[in-house]
Amino acid sequence: MTERNTKATRKVVGPFNRVEGDLEVQLEIEHGTVTKAWVVSPLYRGFEQMLQGKHPLDALVYVPRICGICSVAQSVAAARALAALSGQPMPSNGRIASNLILACENLADHLTHFYLFFMPDFAREAYNKHGFFEKAATRFRAVSGSATQDILPARAELLHITGILAGKWPHSLALQPGGTTRAIDLSEKNRLQTTLYNFRRFLEKKLFGTTLETIANFSSLSELQIWRSQYPTEHSDLTHFLEISDSLSLHEHGKAYDRFMSYGVYDLENDQLLQAGCYDRELGATALQLQNITEDLSYSWMEYSHTVASHPFHGETRPSQNNKNAYTWCKSPRNDGKPMEVGAIARQLVHGNPLIRDLVKQNGANVRNRVIARLQELAIITIAMENWARQLRTGMPFCETWNMPNEAQGYGITEAARGSLGHWVNIRRGKILNYQIIAPTTWNFSPRDSRGLPGPLELALQGTPLESNDSNSLIVQHIVRSFDPCMVCTVH
């Protein structure tokens, strides 16, 4: 690994608990502040290689196994890539059912992150001198906190939606290039609507303490602060989080490039619920040009024949220990040569969400703002799911048949809870010649590239103050978790 500073202290943080997969973070610390960071994915998996030589439809069996948390998102990306090969349109019911299945998984992921991964850190004994500690410990302590008793039944009931529409979760085969295989009858449609009604009640009673519409329509930080000032900490889990955030100044930690990207998600009749694009804090919104996406292997344990970063259609995945500069199995995806942050905050910024744009205008992306974006998205998407459930037409087709060509290339892009997910596939003589995947955490946790530019998390950790020069400082963990990392998808 390069860039060593002989005057600084090098610390290794990890493995991180409550993270999907294996993660290690190396920090260079000088005068109690992180000066450099290296994010390491120490586990290689090789799904891209497994797919080579397989029948294209085998991808629908393999790729959901990449992850047990966002397997639906992987299925959606694969189905879209195969649909692009065959040029297959999807019936209205198939489109709506795909939206509901994907949204169900993404919202379950947001709940899991907030209640089971992120908030338990504030119940740690290291915070026992803070005013929020006793209430946080009672509500959010891992396993024994009262929130656990609320969230697990609510999350389980929400996932019944996937059971009804896709048979099971995770690793369903219901998502196909031509739609979804599970048509439902009127009684099952009623169950969908009842499930969403109960989920709305949970969110409004426990998480928000107000209607979903109130949360979805917040348009500025001052509006959010005025609302919060009317209630005590115990009013809801959102007010609880906002008090903790203010107490620890979470809006001052975890700032990265403030460049964001979203592929857009949830197809409507002739549009998307959340638009695709890029957003720069200084330059504003711009269009997304997929041909500008590349992967750089300069610091990855990969052997490569190209001296420049490659578009995924020409990408390579050949594991090797011969790269002397490498320190991770993660590649470095770039858009027009630039590191990009992805996730709920990026989706909402690109789409023009006024609250999230106001938050980022004032403080950039940071620990607090990433969590608020995730929570507000819970309200926005639940309302959309209620509309989609009403639009399903029983007795009408959910899936169409399709023909797979022998020679073609295509791509499928979508948004997992953690951000932009893309699959690129080439087939020759009816078999997969090359299959490349860029997962959300590959964007956020990427290593340096050929120009030495660190990935978004590596930059977000720079400048972080550590109490007593302690690399295990909780603020490092708050910053890492604010991205909701999924390392198994990263190295797929």
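Once its neighbours within four places in sequence are set aside, Ala97 is in contact with Leu165, Thr180, Leu392 and Phe398, where contact means heavy atoms within 4.5 Å. This is a predicted model, in which local features need pLDDT of at least 70 and side-chain atom pairs count only at pLDDT 80 or more, while totals for chains, interfaces and linings use all residues. Residues are numbered from 1 along each chain as its sequence is written, and side-chain values use heavy atoms, with hydrogens and water left out.

Ala97 belongs to helix H4, helices being DSSP runs of H or I with at least four residues and strands runs of E with at least two, numbered from the N terminus. With a relative accessible area of 0%, Ala97 is buried; the term stands for under 20% relative accessible area, against over 50% for exposed and partly exposed in between, with a 1.4 Å probe and protein chains only.

The structure holds 18 aromatic pairs, counted for rings of Phe, Tyr and Trp (its six-membered ring) with centres within 6.5 Å, and called stacked with planes under 30 degrees apart, edge-to-face over 60 and tilted for the rest. The pair of Phe114 and Phe140 is edge-to-face, because the ring centres are 6.4 Å apart and the planes stand at 80 degrees. Since Phe114 lies in helix H4 (residues 92-118) and Phe140 in helix H5 (residues 133-140), the pair ties together parts that are 26 residues apart in sequence. Phe114 counts as buried at 2% relative accessibility, and Phe140 is buried with a relative accessible area of 1%. Both residues are members of a cluster linked by ring pairs, which includes Tyr115, Phe118, Phe199 and Phe241.

A sheet can be followed next. Strands S6, S9 and S10 form an open sheet of three strands in the order S6-S9-S10, with antiparallel pairing, two strands being paired if DSSP finds at least two bridges between them. The edge strands are S6 and strand S10 (284-286), each of which pairs on one side only, and the twist averages 20 degrees from one strand to the next. S6 and strand S9 (residues 277-280) pair in the antiparallel sense over four bridges, and Gly277 in S9 is the bridge partner of Ser262. Helix H12 (residues 344-351) packs on the sheet and touches S6 and S9, its direction making about 85 degrees with that of S6; the axes are lines fitted to C-alpha atoms, for helices over the stretch in contact, and angles run from 0 to 180 degrees between N-to-C directions.

The loop between helix H11 (237-248) and strand S6 (259-262) contains His251. At 19% relative accessibility, His251 counts as buried, and, leaving aside its neighbours within four places in sequence, His251 is in contact with Asn363, Asn366 and Arg368.

For the protein chain as a whole, the secondary structure comes to 18 helices and 15 strands. Buried residues make up 61% of its 492 residues, and residues 24 or more positions apart account for 70% of the contacts with a separation of 6 or more. The C-alpha atoms fill a box of roughly 65 × 55 × 40 Å, taken along the principal axes.
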